[in-house]
Amino acid sequence: MDVAQRIKNLPPYLFAEIEKKIARAREEGKDIIDLGIGDPDLPTPNFLVERMCQEVQNPENHRYPSYRGLYAFREAVASWYRRRFGVSLDPDREVVALIGSKEGIAHFPWCVVDPGDLVLASDPGYPVYKIGTLLAGGVPLPLPLLPGNHFLPDFSAFPESLLERVKLVFLNYPNNPTSSTAPYEFFQEVVRLAHRFGFIVAHDLAYSEISFDGYRAPSILEVEGAKEVAIEFHSLSKMCNMTGWRIGFAVGNAKLIEALGRVKTNIDSGIFNAIQWVGVEALARVEEALEGIIPVYTERRNLVVETLRALGFDLPYPKATFYVWIPVPSGFTSMSFAEFLLDRAQVVVTPGVGFGKYGEGFVRISLTTPSLRLKEAMERVVRALGG
Ligand SMILES: *Cc1c(COP(=O)(O)O)cnc(C)c1O
(Lines give C-alpha, C1' and ligand atoms only; values in the text may rest on other atoms or scores of the structure.)
Protein backbone atom coordinates (compact mmCIF):
# COMPACT_ATOMS: atom_id res chain seq x y z
CA MET A 1 0.00 0.00 0.00
CA ASP A 2 1.23 3.47 -0.81
CA VAL A 3 -0.11 6.99 -0.48
CA ALA A 4 -0.59 9.32 -3.45
CA GLN A 5 2.19 11.37 -4.98
CA ARG A 6 0.36 14.57 -4.02
CA ILE A 7 0.77 13.65 -0.36
CA LYS A 8 4.41 12.75 -0.83
CA ASN A 9 4.95 16.10 -2.58
CA LEU A 10 3.86 18.07 0.49
CA PRO A 11 6.78 19.82 2.17
CA PRO A 12 8.17 18.12 5.28
CA TYR A 13 6.94 19.27 8.65
CA LEU A 14 9.63 21.67 9.81
CA PHE A 15 8.90 21.63 13.49
CA ALA A 16 9.19 17.88 14.05
CA GLU A 17 12.60 18.26 15.77
CA ILE A 18 11.60 21.14 18.02
CA GLU A 19 8.29 19.48 18.91
CA LYS A 20 10.20 16.40 20.05
CA LYS A 21 12.28 18.65 22.28
CA ILE A 22 9.15 20.27 23.72
CA ALA A 23 7.60 16.87 24.42
CA ARG A 24 10.81 15.67 26.08
CA ALA A 25 11.03 18.79 28.29
CA ARG A 26 7.38 18.33 29.33
CA GLU A 27 8.04 14.68 30.19
CA GLU A 28 10.91 15.83 32.38
CA GLY A 29 8.36 17.91 34.26
CA LYS A 30 9.55 21.29 32.97
CA ASP A 31 7.03 24.11 32.98
CA ILE A 32 6.88 25.10 29.31
CA ILE A 33 5.14 28.31 28.24
CA ASP A 34 3.94 28.02 24.65
CA LEU A 35 3.88 31.32 22.77
CA GLY A 36 3.86 29.47 19.46
CA ILE A 37 0.21 29.01 18.69
CA GLY A 38 -2.13 31.71 17.34
CA ASP A 39 -5.34 30.62 19.00
CA PRO A 40 -7.18 33.04 21.32
CA ASP A 41 -7.09 32.02 24.98
CA LEU A 42 -10.06 34.30 25.74
CA PRO A 43 -13.45 32.57 25.53
CA THR A 44 -16.15 33.25 22.95
CA PRO A 45 -18.28 36.19 24.24
CA ASN A 46 -21.05 35.00 26.49
CA PHE A 47 -23.87 36.49 24.40
CA LEU A 48 -22.80 34.21 21.55
CA VAL A 49 -22.58 31.10 23.72
CA GLU A 50 -26.09 31.87 25.02
CA ARG A 51 -27.42 32.24 21.49
CA MET A 52 -25.92 28.84 20.64
CA CYS A 53 -27.72 27.26 23.59
CA GLN A 54 -31.03 28.44 22.12
CA GLU A 55 -30.29 27.56 18.51
CA VAL A 56 -29.14 24.05 19.26
CA GLN A 57 -32.58 23.30 20.70
CA ASN A 58 -34.38 24.20 17.50
CA PRO A 59 -35.02 21.03 15.43
CA GLU A 60 -35.00 23.10 12.22
CA ASN A 61 -31.30 23.50 12.78
CA HIS A 62 -30.70 19.75 13.04
CA ARG A 63 -30.93 19.01 9.33
CA TYR A 64 -28.39 19.45 6.52
CA PRO A 65 -27.56 23.12 6.08
CA SER A 66 -27.75 24.80 2.66
CA TYR A 67 -24.53 24.54 0.65
CA ARG A 68 -23.83 28.26 0.24
CA GLY A 69 -24.82 29.12 3.79
CA LEU A 70 -28.07 30.41 5.29
CA TYR A 71 -29.36 33.47 3.47
CA ALA A 72 -29.55 35.24 6.84
CA PHE A 73 -25.84 34.57 7.42
CA ARG A 74 -24.81 35.76 3.96
CA GLU A 75 -26.96 38.85 4.45
CA ALA A 76 -25.31 39.50 7.83
CA VAL A 77 -21.91 39.30 6.10
CA ALA A 78 -23.03 41.77 3.42
CA SER A 79 -24.44 44.10 6.00
CA TRP A 80 -21.23 44.03 8.09
CA TYR A 81 -19.10 44.69 4.99
CA ARG A 82 -21.26 47.70 4.15
CA ARG A 83 -21.00 49.04 7.69
CA ARG A 84 -17.32 48.28 8.24
CA PHE A 85 -15.74 48.81 4.80
CA GLY A 86 -18.37 50.71 2.80
CA VAL A 87 -18.43 47.77 0.35
CA SER A 88 -21.77 46.52 -1.01
CA LEU A 89 -22.16 42.82 -1.66
CA ASP A 90 -24.99 40.79 -3.14
CA PRO A 91 -25.67 38.04 -0.55
CA ASP A 92 -26.80 35.70 -3.33
CA ARG A 93 -23.88 36.03 -5.73
CA GLU A 94 -21.00 37.57 -3.84
CA VAL A 95 -20.92 35.77 -0.48
CA VAL A 96 -20.34 32.12 0.45
CA ALA A 97 -20.17 30.64 3.96
CA LEU A 98 -17.09 28.60 4.86
CA ILE A 99 -16.21 26.02 7.50
CA GLY A 100 -13.57 28.46 8.73
CA SER A 101 -11.60 30.52 6.24
CA LYS A 102 -8.84 27.88 6.12
CA GLU A 103 -11.28 25.51 4.44
CA GLY A 104 -12.08 28.07 1.74
CA ILE A 105 -8.45 29.05 1.22
CA ALA A 106 -7.44 25.38 0.85
CA HIS A 107 -10.22 24.67 -1.65
CA PHE A 108 -9.88 27.88 -3.64
CA PRO A 109 -6.96 26.73 -5.85
CA TRP A 110 -9.23 23.88 -7.03
CA CYS A 111 -11.46 26.58 -8.54
CA VAL A 112 -8.89 28.51 -10.55
CA VAL A 113 -5.61 26.59 -10.78
CA ASP A 114 -4.96 23.99 -13.45
CA PRO A 115 -2.02 21.61 -13.11
CA GLY A 116 1.20 23.52 -13.73
CA ASP A 117 -0.32 27.01 -13.20
CA LEU A 118 1.84 29.48 -11.29
CA VAL A 119 0.65 30.81 -7.93
CA LEU A 120 2.44 33.52 -5.93
CA ALA A 121 2.07 33.01 -2.20
CA SER A 122 3.29 35.41 0.51
CA ASP A 123 6.56 34.18 2.05
CA PRO A 124 6.71 34.16 5.04
CA GLY A 125 3.03 33.28 5.04
CA TYR A 126 0.15 31.15 6.25
CA PRO A 127 1.18 27.68 4.98
CA VAL A 128 -2.27 26.91 3.51
CA TYR A 129 -1.71 29.15 0.45
CA LYS A 130 1.17 26.98 -0.69
CA ILE A 131 -0.27 23.63 0.41
CA GLY A 132 -3.67 24.31 -1.21
CA THR A 133 -1.84 25.18 -4.43
CA LEU A 134 0.23 21.98 -4.32
CA LEU A 135 -2.84 19.82 -3.66
CA ALA A 136 -4.51 21.31 -6.74
CA GLY A 137 -1.42 20.54 -8.85
CA GLY A 138 -0.34 24.18 -9.16
CA VAL A 139 3.19 25.48 -8.84
CA PRO A 140 3.64 27.79 -5.83
CA LEU A 141 6.28 30.51 -6.08
CA PRO A 142 7.34 32.50 -3.03
CA LEU A 143 6.29 36.16 -2.96
CA PRO A 144 8.95 37.56 -0.63
CA LEU A 145 7.86 39.83 2.21
CA LEU A 146 11.05 41.58 3.31
CA PRO A 147 11.75 43.96 6.20
CA GLY A 148 13.28 46.51 3.80
CA ASN A 149 9.88 46.93 2.12
CA HIS A 150 7.75 46.90 5.32
CA PHE A 151 6.93 43.24 4.58
CA LEU A 152 4.98 44.22 1.46
CA PRO A 153 5.73 42.30 -1.75
CA ASP A 154 7.62 44.06 -4.53
CA PHE A 155 6.01 42.96 -7.79
CA SER A 156 8.55 44.91 -9.81
CA ALA A 157 11.16 42.37 -8.72
CA PHE A 158 9.48 39.84 -11.06
CA PRO A 159 9.94 39.90 -14.83
CA GLU A 160 6.73 40.92 -16.63
CA SER A 161 6.93 37.72 -18.68
CA LEU A 162 6.56 35.78 -15.42
CA LEU A 163 3.74 37.96 -14.04
CA GLU A 164 1.86 37.31 -17.28
CA ARG A 165 1.94 33.59 -16.50
CA VAL A 166 0.77 33.95 -12.88
CA LYS A 167 -2.77 32.70 -12.31
CA LEU A 168 -3.32 33.57 -8.67
CA VAL A 169 -1.72 35.70 -5.94
CA PHE A 170 -2.31 35.12 -2.22
CA LEU A 171 -2.01 38.16 0.05
CA ASN A 172 -2.77 38.67 3.74
CA TYR A 173 -2.91 42.04 5.53
CA PRO A 174 -2.90 42.56 8.46
CA ASN A 175 -0.27 39.87 8.09
CA ASN A 176 0.42 36.62 9.85
CA PRO A 177 3.27 36.12 10.78
CA THR A 178 4.94 39.56 10.31
CA SER A 179 2.10 41.61 11.88
CA SER A 180 2.61 44.19 9.12
CA THR A 181 -0.25 46.15 7.57
CA ALA A 182 -0.87 47.34 4.02
CA PRO A 183 -2.17 50.81 3.13
CA TYR A 184 -5.11 51.33 0.79
CA GLU A 185 -2.70 52.51 -1.92
CA PHE A 186 -1.00 49.11 -1.89
CA PHE A 187 -4.30 47.40 -2.71
CA GLN A 188 -4.93 49.95 -5.48
CA GLU A 189 -1.58 48.98 -7.01
CA VAL A 190 -2.32 45.24 -6.65
CA VAL A 191 -5.70 45.61 -8.36
CA ARG A 192 -4.07 47.60 -11.17
CA LEU A 193 -1.47 44.84 -11.66
CA ALA A 194 -4.12 42.12 -11.53
CA HIS A 195 -6.00 43.83 -14.38
CA ARG A 196 -2.83 44.41 -16.35
CA PHE A 197 -1.37 40.91 -16.04
CA GLY A 198 -4.64 38.99 -15.77
CA PHE A 199 -4.13 37.31 -12.41
CA ILE A 200 -6.61 36.68 -9.61
CA VAL A 201 -6.02 38.07 -6.12
CA ALA A 202 -7.06 36.08 -3.05
CA HIS A 203 -6.84 38.33 -0.02
CA ASP A 204 -6.96 36.87 3.49
CA LEU A 205 -8.46 39.47 5.86
CA ALA A 206 -8.74 37.26 8.97
CA TYR A 207 -7.09 39.89 11.21
CA SER A 208 -8.88 43.04 10.05
CA GLU A 209 -10.48 43.65 13.46
CA ILE A 210 -7.46 42.80 15.61
CA SER A 211 -5.94 46.26 15.45
CA PHE A 212 -4.59 48.87 17.85
CA ASP A 213 -4.17 52.58 18.41
CA GLY A 214 -7.13 53.42 16.17
CA TYR A 215 -5.72 51.68 13.08
CA ARG A 216 -8.43 50.50 10.65
CA ALA A 217 -7.42 47.82 8.14
CA PRO A 218 -8.87 48.20 4.63
CA SER A 219 -10.58 45.53 2.52
CA ILE A 220 -9.21 45.05 -1.00
CA LEU A 221 -12.83 45.31 -2.18
CA GLU A 222 -12.83 49.02 -1.28
CA VAL A 223 -10.72 49.56 -4.42
CA GLU A 224 -12.57 50.35 -7.64
CA GLY A 225 -12.36 47.41 -10.04
CA ALA A 226 -11.37 44.95 -7.29
CA LYS A 227 -14.53 42.91 -7.69
CA GLU A 228 -13.44 42.01 -11.22
CA VAL A 229 -10.24 40.33 -10.01
CA ALA A 230 -10.45 39.58 -6.28
CA ILE A 231 -11.88 37.28 -3.69
CA GLU A 232 -11.49 38.01 0.03
CA PHE A 233 -11.47 35.46 2.85
CA HIS A 234 -12.65 36.32 6.33
CA SER A 235 -13.54 34.57 9.52
CA LEU A 236 -15.15 34.91 12.91
CA SER A 237 -12.26 32.94 14.43
CA LYS A 238 -10.02 35.80 15.46
CA MET A 239 -12.44 38.71 15.79
CA CYS A 240 -14.90 36.87 18.03
CA ASN A 241 -12.67 34.22 19.67
CA MET A 242 -14.45 31.50 17.71
CA THR A 243 -11.62 29.35 16.34
CA GLY A 244 -13.23 26.15 17.58
CA TRP A 245 -16.63 26.84 15.99
CA ARG A 246 -15.40 26.72 12.37
CA ILE A 247 -17.21 29.52 10.61
CA GLY A 248 -15.86 31.92 8.02
CA PHE A 249 -16.82 33.34 4.62
CA ALA A 250 -15.53 34.44 1.25
CA VAL A 251 -16.73 37.54 -0.61
CA GLY A 252 -16.00 39.26 -3.89
CA ASN A 253 -16.05 38.33 -7.57
CA ALA A 254 -19.30 36.49 -8.34
CA LYS A 255 -17.69 34.00 -10.73
CA LEU A 256 -15.05 33.05 -8.17
CA ILE A 257 -17.64 32.78 -5.39
CA GLU A 258 -19.78 30.58 -7.63
CA ALA A 259 -16.80 28.34 -8.41
CA LEU A 260 -15.89 27.99 -4.73
CA GLY A 261 -19.52 27.21 -3.91
CA ARG A 262 -19.51 24.56 -6.59
CA VAL A 263 -16.38 22.85 -5.26
CA LYS A 264 -17.84 22.92 -1.76
CA THR A 265 -21.20 21.54 -2.91
CA ASN A 266 -19.35 18.49 -4.11
CA ILE A 267 -17.16 18.05 -1.04
CA ASP A 268 -18.85 19.22 2.17
CA SER A 269 -22.38 19.97 3.23
CA GLY A 270 -21.93 23.30 4.92
CA ILE A 271 -21.87 24.64 8.46
CA PHE A 272 -24.20 23.55 11.27
CA ASN A 273 -27.15 25.98 11.00
CA ALA A 274 -27.08 26.71 14.73
CA ILE A 275 -23.53 28.00 14.33
CA GLN A 276 -24.56 30.12 11.35
CA TRP A 277 -27.25 31.78 13.49
CA VAL A 278 -24.56 32.52 16.09
CA GLY A 279 -22.58 33.97 13.18
CA VAL A 280 -25.49 36.28 12.33
CA GLU A 281 -25.48 37.55 15.91
CA ALA A 282 -21.69 37.86 15.99
CA LEU A 283 -21.59 39.96 12.81
CA ALA A 284 -24.27 42.26 14.17
CA ARG A 285 -22.30 42.73 17.40
CA VAL A 286 -18.63 42.61 16.34
CA GLU A 287 -17.84 45.88 18.13
CA GLU A 288 -19.21 44.50 21.39
CA ALA A 289 -17.06 41.37 21.08
CA LEU A 290 -13.98 43.47 20.35
CA GLU A 291 -14.45 45.55 23.50
CA GLY A 292 -13.44 42.50 25.50
CA ILE A 293 -10.55 41.58 23.22
CA ILE A 294 -8.57 44.59 21.99
CA PRO A 295 -7.60 46.08 25.38
CA VAL A 296 -6.20 42.70 26.44
CA TYR A 297 -4.05 42.27 23.32
CA THR A 298 -2.95 45.90 23.49
CA GLU A 299 -1.62 45.42 27.00
CA ARG A 300 0.14 42.18 26.05
CA ARG A 301 1.61 43.72 22.91
CA ASN A 302 3.00 46.62 24.94
CA LEU A 303 4.50 44.25 27.49
CA VAL A 304 6.25 42.11 24.87
CA VAL A 305 7.52 44.99 22.72
CA GLU A 306 8.70 47.05 25.72
CA THR A 307 10.52 44.05 27.21
CA LEU A 308 12.26 43.16 23.97
CA ARG A 309 13.17 46.75 23.14
CA ALA A 310 14.77 47.10 26.57
CA LEU A 311 16.87 44.05 25.66
CA GLY A 312 18.05 45.81 22.51
CA PHE A 313 15.74 44.24 19.93
CA ASP A 314 14.77 46.56 17.12
CA LEU A 315 11.06 46.13 16.51
CA PRO A 316 7.96 48.29 16.07
CA TYR A 317 4.69 48.21 17.99
CA PRO A 318 2.48 46.20 15.61
CA LYS A 319 -0.63 48.08 14.48
CA ALA A 320 -2.57 44.85 14.04
CA THR A 321 -2.74 41.05 14.57
CA PHE A 322 -1.88 39.25 17.79
CA TYR A 323 1.69 38.48 16.74
CA VAL A 324 5.07 40.04 17.35
CA TRP A 325 7.69 39.33 14.66
CA ILE A 326 11.10 39.43 16.23
CA PRO A 327 14.48 39.68 14.45
CA VAL A 328 16.81 37.12 16.04
CA PRO A 329 20.09 38.31 17.59
CA SER A 330 23.18 37.99 15.39
CA GLY A 331 24.76 34.56 15.43
CA PHE A 332 21.38 32.82 15.60
CA THR A 333 19.10 31.33 12.96
CA SER A 334 15.36 31.37 13.54
CA MET A 335 15.57 27.69 14.51
CA SER A 336 18.60 27.99 16.81
CA PHE A 337 17.08 31.03 18.60
CA ALA A 338 13.83 29.14 19.16
CA GLU A 339 15.84 26.22 20.56
CA PHE A 340 17.84 28.60 22.75
CA LEU A 341 14.64 30.06 24.25
CA LEU A 342 13.24 26.58 24.78
CA ASP A 343 16.42 25.36 26.54
CA ARG A 344 17.18 28.48 28.59
CA ALA A 345 13.73 29.92 29.27
CA GLN A 346 11.34 27.02 28.68
CA VAL A 347 9.50 29.35 26.31
CA VAL A 348 8.22 28.16 22.93
CA VAL A 349 8.28 30.61 20.00
CA THR A 350 7.75 29.79 16.31
CA PRO A 351 10.86 29.86 14.08
CA GLY A 352 10.18 32.18 11.15
CA VAL A 353 11.53 29.66 8.64
CA GLY A 354 8.43 27.56 9.32
CA PHE A 355 6.46 30.19 7.35
CA GLY A 356 8.77 30.02 4.34
CA LYS A 357 12.43 30.64 3.57
CA TYR A 358 12.02 34.43 3.72
CA GLY A 359 10.96 34.04 7.34
CA GLU A 360 14.55 33.14 8.21
CA GLY A 361 16.06 35.55 10.72
CA PHE A 362 12.84 36.01 12.70
CA VAL A 363 10.75 34.25 15.31
CA ARG A 364 7.05 34.81 16.00
CA ILE A 365 5.49 35.30 19.40
CA SER A 366 1.74 34.98 19.73
CA LEU A 367 -0.16 37.15 22.25
CA THR A 368 -2.84 34.52 22.84
CA THR A 369 -1.47 33.30 26.17
CA PRO A 370 -3.03 34.37 29.50
CA SER A 371 -1.46 37.68 30.57
CA LEU A 372 0.17 36.36 33.74
CA ARG A 373 1.83 33.50 31.87
CA LEU A 374 2.98 35.88 29.16
CA LYS A 375 4.50 38.11 31.85
CA GLU A 376 6.27 35.11 33.35
CA ALA A 377 7.54 34.13 29.88
CA MET A 378 8.94 37.62 29.32
CA GLU A 379 10.71 37.56 32.71
CA ARG A 380 12.32 34.27 31.75
CA VAL A 381 13.41 35.65 28.37
CA VAL A 382 15.02 38.61 30.14
CA ARG A 383 16.90 36.24 32.46
CA ALA A 384 17.96 33.96 29.59
CA LEU A 385 19.33 36.85 27.58
CA GLY A 386 21.09 38.28 30.60
CA GLY A 387 19.10 41.51 30.64
C1 LIG B 1 -6.15 32.11 11.87
C2 LIG B 1 -5.99 32.43 10.43
C3 LIG B 1 -7.05 32.23 9.55
C4 LIG B 1 -8.40 31.80 10.05
O5 LIG B 1 -8.58 30.48 10.05
P6 LIG B 1 -10.05 29.90 10.30
O7 LIG B 1 -10.03 28.68 9.45
O8 LIG B 1 -11.04 30.91 9.85
O9 LIG B 1 -10.13 29.59 11.75
C10 LIG B 1 -6.88 32.57 8.22
N11 LIG B 1 -5.74 33.10 7.79
C12 LIG B 1 -4.70 33.34 8.61
C13 LIG B 1 -3.49 33.99 8.08
C14 LIG B 1 -4.79 33.00 9.96
O15 LIG B 1 -3.76 33.21 10.77
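Student: What volume does the second largest pocket have?
Tutor: On a 1 Å grid over the protein atoms alone, a pocket is an open set of points where a 1.4 Å probe fits, with protein on both sides within 12 Å along at least five of seven lines; its volume is the space filled by probe spheres set on the points. Here the second largest pocket comes to about 420 Å³. The model is predicted, so local features need pLDDT of at least 70 and side-chain atom pairs 80 or more, while totals for chains, interfaces and linings use all residues. Residues are numbered from 1 along each chain, and side-chain values use heavy atoms, without hydrogens and water.

Student: Which residues lie nearest the centre of the second largest pocket?
Tutor: Lining residues have an atom within 4 Å of a point. There are 18, and Phe-151, Thr-178, Ser-179, Ser-180 and Pro-316 lie nearest the centre. Strand E9 gives the most, 3 residues.

Student: Where does the second largest pocket lie relative to the domains?
Tutor: Domain 1 (5-43 + 291-384) and domain 2 (46-285) both contribute to its lining, so the pocket lies between them. The bounds come from an automatic or database assignment.

Student: How does E9 pair with E12?
Tutor: Strands are DSSP runs of E, at least two residues, and two strands pair if DSSP finds at least two bridges. E9 (residues 323-327) and E12 are antiparallel over 5 bridges, with Val-324 opposite Ile-365. E11 (residues 350-351) also pairs with E12 in the antiparallel sense, over 2 bridges.

Student: Are the faces of E12 buried or exposed?
Tutor: Side chains in a regular strand alternate between the two faces of the sheet. Phe-362, Arg-364 and Ser-366 on one side of E12, and Val-363 and Ile-365 on the other, are all buried (under 20% relative accessible area, 1.4 Å probe, protein chains only).

Key. Buried < 20%, exposed > 50% of the residue type's maximum accessible area, 1.4 Å probe, protein only. Helix = DSSP H or I, 4+ residues; strand = E, 2+ residues; numbered from the N terminus.
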